Structures are given as structure tokens and as C-alpha cells.
Amino acid sequence: MPAIDPAHIPANLRPVIEAMCATGAQLSRVIARGPLAGALGAGVGENSDGDQQKALDVMADEMFEAALEGTGVKYYASEEQETVLTLDEGGRFALATDPLDGSSNIDVNVTIGTIFSIFEAAESAEASFLRPASDQIAAGYIAYGPQTLLAVTFGAGTMLFVLDPDTGAFVLAEEKMDLPVAAKEFSINASNRRHWFPPVLAYVEECEQGVDGAKGKNMNFRWVGSLVAETHRILTRGGTFLYPSDARKGYEAGRLRMVYEVAPMAFLVEQAGGKATDGVAPILSLTAEALHERRPFVFGSAEEVDRIAELHG
């Protein structure tokens with residue numbers, strides 16, 4: 001049985017998406033075993049940006065790299081590797097991935113995931129990924145939680161699939177996700193409050209004022225610390241996510257990676273009717289200038305994202 005119903009996948013991308021889904025299903029089984037599968041959350045080194053790699057980060061990267069060989073992927077860029085790999089000289093696609101997002105949550109049974117972005121391969125590895133985010137032809141995430149889910153877009157809406165544990169295949173659950181325009185929840189790491197710049201602080205204080213403030217409604221606060229989990233919640237029931245730049249050294253340009261995290265999530269969110277910006281400019285209008293470039297990221301319900309841009313003035 002195929003890993004996903006091919007009827008919903010563009011013919012030219014079927015081998016790539018099949019490989020991502022089959023590997024995601026395999027990785028889901030490893031994650032479900034938790035400590036029985038070994039010390040998945042153990043530190044095993046650092047990636048090119050100095051972030052600690054967990055054993056599961058490295059395992060997931062190796063699994064996806066191996067699975068994508070022979071599928072038409074020419075260039076493979078991973079958050080866990082310093083440079084782009086060439087998998088197939090004759091391939092027509094360039095795939096960027098964060099193989100295991102949410103590493104800090106591996107050992108605490110919180111939803112983690114895989115994020116990926118696909119471009120048409122250009123004349124070089126660098127040109128394939130350092131280009132406008134709007135050039136993406138597909139993007140998605142696999143969420144490993146109570147259910148294993150695939151959210152994916154090919155530029156005509158965002159679809160949601162659920163892994164059927166009995167068959168090992170991803171089954172269509174929602175043909176077109178519809179992110180609510182308004183929001184009742186916001187998500188930001190409040191421990192960094194003292195470092196925020198004025199527009200971000202103003203927005204959070206506006207949310208905290210609730211029904212007595214400018215919004216005229218109460219807002220709930222949420223924070224998971226896993227981008228895949230945050231994105232799935234917002235795609236499902238609305239809300240706003242902020243990972244802004246702040247005054248700390250190393251956070252002047254935000255912390256999330258443009259190529260591996262920001263661009264694909266922005267594509268998914270906008271295809272579901274939401275908005276995604278760096279606080280002001282739409283992410284899909286921006287171009288990464290370096291493979292591991294970081295970028296501030298604000299996304300979610302359109303009304304809230306517009307309000308944040310307004311506060312940045």
C-alpha cells in the first residue's frame with residue numbers, strides 16, 4: 001500500500017512525498033517507543049549554528065537523506081548539516097528540512113515534528129535555496145503526537161492527512177484547512193519579556209488587557225516550544241505565534257531558520273488563509289541570503305498579524 005494516496009499529490013512530486021511519508025511513519029514508530037528506543041533526547045554534539053543536536057535529530061536526518069535518494073531530489077539541505085548535499089545529479093527538486101523540530105521536547109512526550117520545503121532545483125545548490133520564499137512549490141510538516149499528522153500544500157490550499165496505524169498510510173482528513181481570521185489565543189515565550197522591543201511588548205500587553213482593553217475580548221496565552229505543535233494548533237483553531245527579534249545577543253534577527261522553518265510554515269499558513277510576516281513584511285516576499293539565516297517570525301490569524309505590523313509602524 002502506498003504511504004499516501006497518490007490522487008492528492010502532483011505526479012512529479014509523488015516519489016518525494018511518498019519517501020517523506022514512509023520515513024515519517026517509520027520515525028513515528030521510533031518516537032512512540034520513547035525510552036524503549038534508547039536515549040533519543042541525549043546530546044550528541046552541535047550543528048553548524050552551535051545548537052545542541054539530540055540523538056533523534058541525527059537519526060531523523062540520516063533517515064530522510066537515505067529515503068530521498070532516487071526520488072528526484074537533486075539538492076538536500078538539512079538544518080543538521082552545514083552544507084547542501086547532492087543526492088541525484090539528474091534530479092529536478094531541491095528539498096530543505098528540519099528533520100526533527102522541537103528537540104527539547106523529545107523526552108517529555110510533547111508533540112515534535114519534521115518540517116520540509118521543496119523548490120525546483122536551480123543551476124546551483126545555493127541558487128536553489130537562496131531565492132524568494134514565494135518560489136516554493138510545496139511545503140509541509142509531519143507532527144508526531146497523539147496522532148501522526150501530515151499538513152502539506154502544493155500551492156492550492158493546505159491539506160491535512162492522518163497516519164492510519166493499521167495500514168501505515170496517511171489518509172486525507174481535511175481537503176482544505178481554513179485558519180480562522182480572528183483569534184482568541186496568542187503564543188510567545190514570555191520568559192523573554194524583558195528583552196522584547198516596544199511593538200512586541202505593546203501587542204502582548206494589549207492581549208493581556210482582555211475585554212477591558214483595545215481588543216474588547218479576552219485572549220488566552222499558549223506556549224509549547226515546538227514550532228510544529230504551535231503551527232498545527234493555530235491552523236486548526238486560529239491564534240497568533242510570535243518569535244520576534246529581541247535585544248539579546250544572537251537574537252537581533254530572530255532565532256528560527258528562514259529556509260528550514262520560517263518559509264515552509266509561512267507557505268502552509270497563507271495557503272490556509274492566514275498571514276505570515278517578519279513582524280512587518282510578508283515572509284513570502286523575502287529571500288534568504290544564507291543557508292542557515294535566522295528571521296523573526298509572526299504568523300496566524302490575519303487580523304492579529306495585521307495588528308502586529310501596525311504596531312511596528
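Modeller: In a regular strand the side chains alternate between the two faces of the sheet. In strand β7, Ala138, Gly140, Ile142 and Tyr144 on one side and Ala139, Tyr141 and Ala143 on the other are all buried, where buried means under 20% relative accessible area (1.4 Å probe, protein chains only). Strands here are DSSP runs of E with at least two residues, and helices are runs of H or I with at least four, numbered from the N terminus. This is a predicted model, in which local features need pLDDT of at least 70, side-chain atom pairs count only at pLDDT 80 or more, and totals for chains, interfaces and linings use all residues. Residues are numbered from 1 along each chain as its sequence is written, and side-chain values use heavy atoms, with hydrogens and water left out.

Biologist: Why is β7 described as largely enclosed by the rest of the structure?

Modeller: Because 7 of the 7 residues in β7 (residues 138-144) are buried.

Biologist: Which strands pair with β7?

Modeller: Two strands pair if DSSP finds at least two bridges between them. Strand β6 (residues 112-120) runs antiparallel to β7 and is joined to it by 7 bridges; Thr114 has Ile142 as its bridge partner. Strand β8 (residues 148-153) is also antiparallel to β7, over 6 bridges, with Ala139 opposite Thr153. A hairpin is formed by β7 and β8, with 3 residues between them.

Biologist: How should I read a helix, and which residues of α1 are buried?

Modeller: An α-helix has 3.6 residues a turn, so residues three or four places apart point the same way. In α1 (residues 14-32), the buried residues include Val16, Met20, Leu27 and Ile31. Gly34, with a positive phi near 55°, follows α1.

Terms used: Buried < 20%, exposed > 50% of the residue type's maximum accessible area, 1.4 Å probe, protein only. Expected span 1.5 Å × (residues − 1).
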